Amino acid sequence: MQTNQPIISVVICSYNRADYIINAIDSLYQQTLPKKHFEVFVVDNNSIDNTGDLVQAYIRDHEDFNIAYLTESAQGASFARNTGARFSKGKYLCFMDDDAIAERHYLERIANFFEAHPDAVGMGGRIIPKYVPAEPKWMSYYVSSLVGNFDYSEHLTEFAPGKYPLESNMVVLKTAFDAIGGFNTALPGVKGTLRIGGEGKDFFLRLQALGKKIYYDPSVIVHHVVEVKKLTPHYMYRVASGIGRGERVRTKAIGQWAYLKKIGEYLYKLAGSVVLGILYALKGNPAQSWPVIQFRIDALKGLLDSKSK
């Protein structure tokens, strides 16, 4: 790696993404921001394919690129992201997924944003699904959040209390990251065969509780690869129930009343999804009706799952 002091440290945690990891890191190599201003850490989280071999070969072939390969044996995105952050030297920590592609001005726009907004402690940007080969007919705006679709606002704005960026396109001051202890490893993303998500929500809610300003900039864009063949009912259940399990862990840590309130909120959202499903059918989109209801059923199942501690 080069020895220049970077402004931005990009952390990509990876698990069995040999098909996409090179596209992700090459999109960072092609950035308009001069390479001396950023560094990249790829944290391999126990991949059993040739992800590691591909990344290390790419590093050898790009000596002008400030990139390093790390490993983290504790399974889960929270562990891997924290490891990348521990090695970083940039003022800002940027987290991106291993199956995402950053637009060419991505890092330059992040740097410009923080220069123009010195009050900001964190920010997030837009995530556009890149369906392979095409968006399925049953996909709707509400269900697409499960595959990373995120567009909070048409304009640059501060996140309202309780709203926050997604982990696959988020940036935070490293000093703030360190001050709150990074990502909560009780919400690892994956625990054995279970998904226990919500680590990004927990992270930003802790920052907001301290009065920190978090912004959204729609010009800071990554494209997230979504393989449609993998969007099976079992996969969608794992993702949706993982959201619920994460909320179970997070709210129970606050107290039993917070958990009970969350159950009430999920029941309310389930009822709303039934109404929404009926509206989709009445508008001539019956394929979109059941998935939006199933999403809320699966999330509620995760919230009630006693196996997530």
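Helix 8, residues 256-282, packs against helix 9 at an angle of about 170°, and their axes lie 7 Å apart. The model is a predicted one. Two packed helices are described by the angle between their axes and the distance between the axes. An angle over 145 degrees counts as roughly antiparallel, so helix 8 is roughly antiparallel to helix 9. Sorted by class, the contact of helix 8 with helix 9 has 15 nonpolar, three polar and three charged residues.

Rolling a probe the size of a water molecule over the atoms shows where empty space is left. The second largest pocket has a volume of about 200 Å³. It is lined by 14 residues, and the closest to its centre are Trp138, Pro233, Met236, Pro291 and Gln294. Two elements give two or more residues to this lining, helix 7 (233-254) and helix 9 (289-303). The largest share, five residues, comes from helix 9. By class, the lining of the second largest pocket has eleven nonpolar residues, two polar ones and one charged one.

Next come the aromatic rings. The structure holds 19 aromatic pairs. Another pair, Phe177 and Phe203, is tilted, with 5.5 Å centre to centre and 40° between the planes. This pair links distant parts of the chain: Phe177 sits in helix 5 (residues 174-179) and Phe203 in helix 6 (residues 199-209), 26 residues apart. Phe177 and Phe203 are both buried. They also belong to a cluster in which ring pairs link Phe95, Phe177, Phe183, Phe203 and Phe204.

The backbone has some points to note as well. Most residues other than glycine have a negative phi, and most peptide bonds are trans. Val132 and Pro133, however, are joined by a cis peptide bond with omega about 5°. Pro133 lies in the loop between strand 6 (120-132) and strand 7 (157-158).

Asn16 is found in the loop between strand 1 (8-14) and helix 1 (21-29). Its relative accessibility is 23%, so Asn16 counts as partly exposed. Asn46 is not a glycine either, and has a positive phi of about 75°. Asn46 lies in the loop between strand 2 (38-44) and helix 2 (51-61). With a relative accessible area of 32%, Asn46 is partly exposed.

How values were computed:
Residues are numbered from 1 along each chain as its sequence is written. This is a predicted model: local features need pLDDT of at least 70, side-chain atom pairs count only at pLDDT 80 or more; totals for chains, interfaces and linings use all residues. Side-chain values use heavy atoms; hydrogens and water are left out. On a 1 Å grid over the protein atoms alone, a cavity is a set of points where a 1.4 Å probe fits but cannot get out, and a pocket is an open set with protein on both sides within 12 Å along at least five of seven lines; lining residues have an atom within 4 Å of a point. Grid points are joined across faces, edges and corners, and a volume is the space filled by probe spheres set on the points. Helices (H or I, at least four residues) and strands (E, at least two) are DSSP runs, numbered from the N terminus. Ala, Val, Leu, Ile, Met, Phe, Trp, Tyr, Cys and Pro count as nonpolar, Asp, Glu, Lys and Arg as charged, and the others, Gly among them, as polar. Axes are lines fitted to C-alpha atoms, for helices over the stretch in contact, and angles run from 0 to 180 degrees between N-to-C directions. Angles under 35 degrees count as roughly parallel, over 145 as roughly antiparallel, 65 to 115 as roughly perpendicular and the rest as oblique. Rings of Phe, Tyr and Trp (its six-membered ring) pair if their centres lie within 6.5 Å; planes under 30 degrees apart count as stacked, over 60 as edge-to-face and the rest as tilted. Buried means under 20% relative accessible area, exposed over 50%, partly exposed in between (1.4 Å probe, protein chains only).
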